[in-house]
Amino acid sequence: MTTIRRAHERGHADHGWLNSFHTFSFADYYDPKHMGFRALRVINDDTVAAGRGFGTHGHRDMEIVSYVLSGELGHKDSMGNGSVIRPGDVQRMSAGTGVQHSEQNPSKTSPVHFLQIWIVPDRNGHAPGYEQTHFPEAERQGRLRLVASPDGADGSVSLHQDARLFAGLFAAGERAVHTVAPGRHAWIHVARGTATVDGHALGAGDALSTSDPGELVITGDRAEVLVFDLA
């Protein structure tokens, strides 16, 4: 069965400094029909104003992936990590038994647009961890590049869950195929641009999910697409 989740159906919160769209229930947005998909719990499409951000706060027992679409996102955490996340970077923070962190837009003039993704780990109680890797455009152009996986395959960041995340950039007419194996499940999120997935036209913020085995053909038009392959 294939399901379409349209961008306009998502939860929305505009705090002035933060404009956030929630694919799944989050904070004050609650919809029992959209609590997540398999181990995928959160996709927040966030735009943070220049010089603003999230102050120090805590997480535990969650795999948190940050994926910047435009601008820069500064990160600091209680493990001693400090970094700036830019387009092409994938950051994974395993909250595990508990971690404190902050996220700030270091620019004084430009917003930062990014996706914050939460994946439920395979168990509670992992030690906190952090990883950040850059994936050049050439490795994502016209194809699906593995950027997160359980075993860190092909230079991807590692996850404490049987989940794989692929990222692709598609100029007009470029296409890629993702095969959903029997017993697996796919969530495809169009981050920017437009794409056709399995014959369905999707715009920015739209998503398609399926648990049917077989090939999914993705054809883009100046699109940035994330594919989650989940147990």
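1. F26 is partly exposed, with a relative accessible area of 22%. W118 is buried, because its relative accessible area is 15%. Buried means under 20%, exposed means over 50%, and partly exposed lies in between (1.4 Å probe, protein chains only).

2. A word on the model. It is predicted, so local features need pLDDT of at least 70 and side-chain atom pairs count only at pLDDT 80 or more, while totals for chains, interfaces and linings use all residues. Residues are numbered from 1 along each chain as its sequence is written, and side-chain values use heavy atoms, without hydrogens and water.

3. Aromatic pairs come next. The whole structure holds four of them. Rings of Phe, Tyr and Trp (its six-membered ring) pair if their centres lie within 6.5 Å; planes under 30 degrees apart are stacked, over 60 edge-to-face, and the rest tilted. The F24 and W187 rings have centres 5.0 Å apart and planes at 55°, so this pair is tilted. It links distant parts of the chain: F24 sits in the loop between β3 and β4, W187 in strand β17, 163 residues apart. Strands are DSSP runs (E, at least two residues), numbered from the N terminus. Both F24 and W187 are buried.

4. What kind of pair do F26 and W118 form? Their ring centres are 5.4 Å apart and their planes lie at 75°, so the pair is edge-to-face. F26 is in the loop between β3 and β4, and W118 is in strand β11, 92 residues away. Ring pairs also join F24, F37 and W187 into a cluster.

5. I117 deserves a look. Leaving out residues up to four places away in sequence, I117 touches L40, V42, E63, I64, V65, L226 and F228. Contact here means heavy atoms within 4.5 Å.

6. Finally, the lining of the largest pocket. Which residues lie nearest the pocket's centre? They are L18, H22, F26, A27 and N44, out of 18 lining residues. A pocket is an open set of points on a 1 Å grid over the protein atoms alone, where a 1.4 Å probe fits, with protein on both sides within 12 Å along at least five of seven lines; lining residues have an atom within 4 Å of a point.

How values were computed: Helix = DSSP H or I, 4+ residues; strand = E, 2+ residues; numbered from the N terminus.
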